[in-house]
Amino acid sequence: MKRSRINQIMAEADEMIRSYGFVLPPFASWSPDQFKARAPGAAHVINARCGWDITDYGRDKFDDMGLFLFTLRNGLLSDLQRGGGMCYAEKLLISRQDQLSPMHTHVIKAEDIINRGGGALVVKLYGSDDQGGFAEDRGGVVMCDGIARPFAPGEKLRLAPGESVTLRPGDWHAFWGEGGDVLIGEVSTVNDDETDNIFQAPIGRFAQIEEDEAPTHLLVSDYRDWLA
């Protein structure tokens, strides 16, 4: 993805988020230079990879397959492993109309996916085989707003604004917006996007960046190179 396109997506996302009454935390507005200057005090933000995250899954077709995310807060795997401390995470996502977030599951993370506003959020579901792999012939059971909801293989849930689904490790899912762009909330256990996204197809989690202009704000995938 071109950096200029990423900068544009950031501006559009911030405008949409504000239109629904949400405001991103102060570090969202930092320039790269401000982030460098404040890095020592922002060690948790950096180590927990909180912040801007825009992906085209390495396919360079963001409008067709992509996702906007902003990690608002996140604990560390060490807390989760010892069973105490900050064992949770929270994100805001934007799934554009007909923009696919491809089929995947998680090994560790359980997550509530909440339609915060906009169109319908369509979630396509499959179960797992005995090893946790994608199973085209298996369904399962998820929780929708606390109510058990059995699903058949490949069944599509349509979540209206205010509705949610709880996805556990082994629940294979893909999603997209229908009838408009969707603002999504995600509340989960500790999130590790580098190792805990298992895709059905061989795709990448993060975009490859073409630096055609300076970044407005850093992506979480920029932290290692820009804040070393």
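Which residues does Phe 70 touch, not counting residues up to four places away in sequence? They are Leu 24, Pro 25, Phe 27, Ala 28, Gly 51, Trp 52, Glu 90, Lys 91 and Leu 92. Contact here means heavy atoms within 4.5 Å.

This is a predicted model: local features need pLDDT of at least 70, side-chain atom pairs count only at pLDDT 80 or more, and totals for chains, interfaces and linings use all residues. Residues are numbered from 1 along each chain as its sequence is written, and side-chain values use heavy atoms, without hydrogens and water.

Phe 70 is also among the residues with the most contacts inside the largest nonpolar core, which has 34 residues. A nonpolar core is a set of buried Ala, Val, Leu, Ile, Met, Phe, Trp, Tyr and Cys residues joined through side-chain atoms within 4.5 Å. Buried means under 20% relative accessible area, exposed over 50%, partly exposed in between (1.4 Å probe, protein chains only). Among the elements giving two or more residues to this core are α1 (3–19) and β2 (67–74). Helix α1 supplies the largest share, 6 residues. Helices (H or I, at least four residues) and strands (E, at least two) are DSSP runs, numbered from the N terminus. Another core, of 21 residues, lies apart; it includes Met 65 and Phe 151.

Pro 150 touches Gly 140, Val 141 and Glu 155, not counting residues up to four places away in sequence. Pro 150 and Gly 140 are 10 residues apart in sequence and 5.7 Å apart in space, C-alpha to C-alpha.
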